[in-house]
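Hi,

Here's the structure I said I'd pass along.

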There are 2 protein chains.
Amino acid sequence: MPVPRSVAAHRQAVVELLTAATARKGTLRLPLVDALGKALAVDLHAPLSLPPFDNSQMDGFAVRSADIPDGGAKLPVSAPVPAGAAPGPLMPGHAAPIMTGAMMPEGADAVVPVEKATPSSFPEPSVQDAEVVLPVVAPGTFVRPSGSDIDKGALALAAGTLLGPGQLGLLAALGMVKVEVREPLRVLLLTTGDEVLEPGAELTQGKIYDSNGTLLETSMRQAGLEVVRTAISDDKPEGLLTVLDRHLGGNDDGGTPVDVIVTTGGVSKGAYEVVRLAMAGQPVDFLHVAMQPGGPQGLGTFNGVPFIGFPGNPVSCLVSFEMFLRPALSQVTGAPAPRPVLKARLAEALTSPLGKHQVRRGTAVDGVVRMEGGAGSHLLHALARANALVQIPEDVTELAEGDEVEVWML
Amino acid sequence: MPVPRSVAAHRQAVVELLTAATARKGTLRLPLVDALGKALAVDLHAPLSLPPFDNSQMDGFAVRSADIPDGGAKLPVSAPVPAGAAPGPLMPGHAAPIMTGAMMPEGADAVVPVEKATPSSFPEPSVQDAEVVLPVVAPGTFVRPSGSDIDKGALALAAGTLLGPGQLGLLAALGMVKVEVREPLRVLLLTTGDEVLEPGAELTQGKIYDSNGTLLETSMRQAGLEVVRTAISDDKPEGLLTVLDRHLGGNDDGGTPVDVIVTTGGVSKGAYEVVRLAMAGQPVDFLHVAMQPGGPQGLGTFNGVPFIGFPGNPVSCLVSFEMFLRPALSQVTGAPAPRPVLKARLAEALTSPLGKHQVRRGTAVDGVVRMEGGAGSHLLHALARANALVQIPEDVTELAEGDEVEVWML
């Protein structure tokens with residue numbers, strides 16, 4: 001039996017496969033809010049500075065700082081500057097009431113907050129010839145200079161940046177209404193197995209309902225992929241090949257060609273391994289990764305289209321997706337965000353097989369992680385209680401309660 | 001000046017507001033994949049056991065364990081049991097080839113993996129009267145008993161559970177095709193300010209582009225809310241009141257009534273605070289939370305509809321959303337998932353004002369967090385680089401490089 005491939009090496013193989021698939025994709029120009037969760041396609045430079053002009057950080061009085069000596073000064077009050085106005089220049093020796101965010105009048109170089117003035121409120125607009133006593137103030141005080149956030153022409157966001165609320169808010173502040181993003185990959189998702197029925201069908205003896213389709217379709221959608229889901233294939237390779245042919249380029253049913261094929265089941269060493277049989281003659285490796293669950297994996301191309309074959313157990317499918325496909329997508333396309341990784345202490349002792357990277361499901365709360373279910377890959381109810389994947393490296397066979405482990409938050 | 005309200009007390013006030021809004025909402029029955037990211041509306045009990053029947057965990061031979069003495073035994077091989085088949089009973093003294101996931105034949109109580117058999121492969125189907133030598137095996141070995149994941153009738157998922165891939169996969173395995181979820185809240189999002197222009201408009205002197213609308217709409221969508229966004233309101237209360245009236249119940253433009261109103265800007269103590277002015281006579285508090293940025297906040301009801309008023313600076317808006325609205329939503333409705341919280345060490349020393357909970361933006365990588373930009377609430381480019389909110393409690397005024405802080409991952 002050949003030496004199993006390491007988790008890192010298999011992930012790198014998936015990265016290479018997705019790199020090829022991604023290179024064939026284009027870009028989309030989307031309204032900002034529709035670009036949420038997608039990856040920026042190009043470097044974006046600021047078409048204007050932020051802030052676009054010097055403005056006040058406080059409600060206060062805009063002054064020339066040189067007009068106020070150390071002991072303070074009584075200054076005549078000029079017309080107020082509301083936010084959004086284009087004020088005239090500040091007359092020398094005057095103080096202009098100014099609102100937070102309002103443009104500094106020409107000549108003014110500092111703001112004295114209204115609560116430091118005497119009187120500590122703005123004069124009513126009806127009052128003529130109002131005056132205010134202000135303390136000394138250093139130049140630049142409570143002024144947000146133009147360009148202090150970003151200068152016109154500077155790199156605002158680099159190609160590949162994941163667009164979340166903060167990034168899209170920045171683009172809006174820069175006056176943009178659309179943004180060019182990488183077109184998402186389109187995945188053909190195909191579950192296999194004679195024993196597998198569509199949910200909703202009548203459950204007959206020896207059959208189970210397909211959970212992999214739902215589990216992976218939602219995982220893929222969450223990761224920003226487009227998903228084309230087929231009917232379940234039974235364990236006859238001809239049927240599987242017919243489905244694949246129908247969905248790959250030049251298809252006659254008007255469907256869009258897919259960029260990646262993902263199957264579940266039929267990749268290990270049993271007698272009826274339909275995916276293995278269907279891929280005969282194609283450049284596809286069926287191999288064993290030193291991981292539990294999710295050891296048996298398929299990888300290659302089918303008629304030139306990148307192909308990934310996950311094992312058939314639902315927990316193995318989820319672990320395969322999270323350990324290989326999702327991180328490779330993050331790395332290659334910039335989306336989705338990688339899972340947050342943290343350290344947590346084990347609530348219980350664990351054992352793990354030597355030479356296998358074990359991925360257990362757990363609930364991590366306040367830095368402590370409890371296992372949900374055993375190592376078994378059929379334990380879906382346990383998976384549904386978990387909020388984290390617990391990573392136990394290949395060379396670790398025993399861990400004590402309180403030992404620190406790496407945890408990926410789902 | 002009244003004592004500022006604590007962050008926790010203000011969040012609790014938002015929780016109470018949302019509890020009232022949520023109580024008026026119904027439920028939706030959605031196909032499983034469309035329920036992704038939503039909260040389950042009802043307790044769901046398993047309509048069948050998982051696994052539905054005893055099945056094999058390995059490719060191997062199903063046997064009666066009592067048929068094999070300590071030294072092993074040579075047994076005649078009966079018809080193979082593929083996954084999905086309903087096998088007949090196992091003849092006493094026989095061994096049945098069985099595939100992973102296949103139903104255990106009646107009478108069989110253990111599986112010997114094929115690699116432990118002699119010969120260590122399955123006989124070809126054409127071979128008559130095949131025999132196999134098998135080692136002793138304990139009852140139950142490599143059998144997944146019916147109900148070992150969940151028993152029929154047991155609680156599968158509790159009301160309020162956030163539906164991710166694992167939870168939806170479980171429901172599929174239980175044969176469900178639709179699921180009842182809580183109807184998302186519908187938010188009317190309204191940005192205000194004489195200085196604020198729609199992105200794409202010509203930028204004139206003293207004006208800035210509205211980033212709050214994009215920043216909050218995407219934050220809200222990410223959190224599972226429905227968002228109705230209005231045009232920007234200027235600083236005249238009459239205009240704002242007209243927009244509010246148009247969108248609140250009994251409206252004549254066919255729009256759906258909203259459940260919550262969120263505004264930005266116009267809540268602090270300046271001279272032109274449009275939201276404050278528009279809310280005069282309504283049961284709305286305008287108050288100061290002991291938080292920086294995001295101190296000025298409004299909260300109450302407008303014509304009976306829950307109302308939340310955020311301050312006008314974009315960073316303050318994001319911090320207000322993440323500190324108050326998002327966690328309150330998670331707590332009250334079950335969705336979205338709370339932000340992952342972790343501990344990280346500061347890459348630099350920090351100071352923070354006494355009596356204010358400071359929320360800085362940072363980049364947390366490998367347990368170390370670096371600040372992005374200063375404390376200023378206008379620094380959107382810095383925010384766009386950040387992946388985390390750094391929490392500095394009210395009573396902390398100085399932190400050294402290497403000190404541990406709590407970090408919320410965005």
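A:Asn303 counts as exposed, because it has 11 C-beta neighbours inside 10 Å and the cut-off for exposed is 12 or fewer. Bear in mind that this is a predicted model. You'll find A:Asn303 in the loop between β19 and β20 (305-310) of chain A.

Buried or exposed, what would you guess for B:Phe142? B:Phe142 has 20 C-beta neighbours inside 10 Å, so it counts as buried; the cut-off for buried is 20 or more. As for where to look, B:Phe142 sits in the loop between β8 (131-134) and β9 (143-144) of chain B.

Then there are the peptide bonds. In chain A, the bond from A:Gln292 to A:Pro293 is cis, with omega near -5 degrees. A:Pro293 itself belongs to the loop between β18 (291-292) and β19 (296-302) of chain A. Over in chain B, B:Gln292 and B:Pro293 are joined by a cis peptide bond, omega being about -5 degrees. The loop that holds B:Pro293 runs between β18 (291-292) and β19 (296-302) of chain B.

That's what I have for now.

Cheers

How values were computed. Residues are numbered from 1 along each chain as its sequence is written. Chains are lettered from A and ligands numbered from 1 in the order in which they are written. This is a predicted model: local features need pLDDT of at least 70, side-chain atom pairs count only at pLDDT 80 or more; totals for chains, interfaces and linings use all residues. Helices (H or I, at least four residues) and strands (E, at least two) are DSSP runs, numbered from the N terminus.
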